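Please keep the sequence and the model in view while reading.

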Amino acid sequence: MMKMPVVISAFIRYGSRSHSGTEASEACLKFARRYWHTLGIKDRTGFVAIENAFAGRTMGALSVTWDEHYRTPFAPLLGPVTFVDPNSPESLYAAVSDKTAAIIAEPIRGEGGVRPLPRAFSDAIADVCRRTGTLLIADEVQTGLGRTGHPFHFQALGWEPALVSVGKALGSGVPVGAALVSEKVAQTISTGDHGTTYGGNLLATRAASFFLEELMERGLLDHVRSVGDHLERRLRSLALKHPVIVEVRGAGLMRGVELGVDATAVVDLARERGLLVNRTNEKVVRLLPPLTITAAEIDAGIDILDAVLAAVPAEVHA
Ligand SMILES: Cc1ncc(COP(=O)(O)O)c(C=O)c1O
């Protein structure tokens, strides 16, 4: 376990390094169980996860991933896991018991359609963790490290997670992930509990430190906030122009455009015209541009999306 080189949150002091987001999730799940085990509470092993969540494709991470398409072929997975409906804070209170090791949640579900957690539900997560001691794992693999205009998106929600998983942006293309660990959990973990041969290798950690310095000390975070606002304004005007757009969601440079139709045709046509976006949750066009994108590049991309949306409904219904 290493102390963080750049302080990006007062809650997080230590990290365990890996190569991917799924390994980061995996480590967080392990450390949550390890915490209760060290405290001598051996039956506090369950997890509560959120409908439409995605945490990765290794066995533990898959177990707290909602989509059955990913999970079913590999059953039986890790258990017990209870999935709760984020529109129902009551279902969260009902699901958490003295057998729950941790709640794992993405502040904005990315793969699940760029869906922010409803405020009442995210407040309920903080409340239930405070009242029961249940650990909170914030899955920030997609939302974290500047993507939404915050170092971590949990900061916008007032969460105090015990564990945080990060990946994707951390290496800016070099494969690296990390499980970030609060002091109280770090004290319950021993050397050898977790590790991997090339975790924390020189190339990956150098890339990660460079990225963190760019983000926190050389203006990248401010840049994301500024171009993220620009992207939001452009998407909102697009929604006023195209009735096929049902909703625009997200924050910073993580945006979802939900359509009234399947998004495949829009994504395919956009790619043909030079704009890379992807389809998630069937009807959602997801935009996750590089954090270094400029306002002019956003304008060029939105112009392509505008033209594609004008062309697509007719084709989809043909
Ligand atoms: C929220 C979230 N968690 C975990 C993962 C898994 O990360 P990786 O693909 O690096 O294993 C992803 C990947 O998309 C993700 O979006």
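The shell around the ligand comprises three nonpolar, five polar and three charged residues; here Ala, Val, Leu, Ile, Met, Phe, Trp, Tyr, Cys and Pro count as nonpolar, Asp, Glu, Lys and Arg as charged, and the others, Gly among them, as polar. Among the surrounding residues are Ser20, Thr22, Phe54, Glu106 and Asp139, where a residue counts as near if one of its heavy atoms lies within 4 Å of the molecule. The model is predicted: local features need pLDDT of at least 70, side-chain atom pairs count only at pLDDT 80 or more, and totals for chains, interfaces and linings use all residues. Residues are numbered from 1 along each chain as its sequence is written, and side-chain values use heavy atoms, with hydrogens and water left out.

For glycine 21, a backbone N or O atom lies 2.8 Å from a ligand oxygen. In glutamine 142, a side-chain N or O atom is 2.7 Å from an oxygen atom of the ligand, and a polar side-chain atom of lysine 168 lies 2.8 Å from one. Of the 390 Å² of accessible area that the ligand has on its own, the protein covers 83% (Shrake-Rupley method, 1.4 Å probe).

A pocket is an open set of points on a 1 Å grid over the protein atoms alone, where a 1.4 Å probe fits, with protein on both sides within 12 Å along at least five of seven lines; lining residues have an atom within 4 Å of a point. The lining has 43 residues, and Gln142, Arg147, Lys168, Leu288 and Pro289 lie nearest the pocket centre.

Note on methods. Polar contact = N/O pair within 3.5 Å; in protein donor to acceptor, adjacent residues only side chain to side chain.
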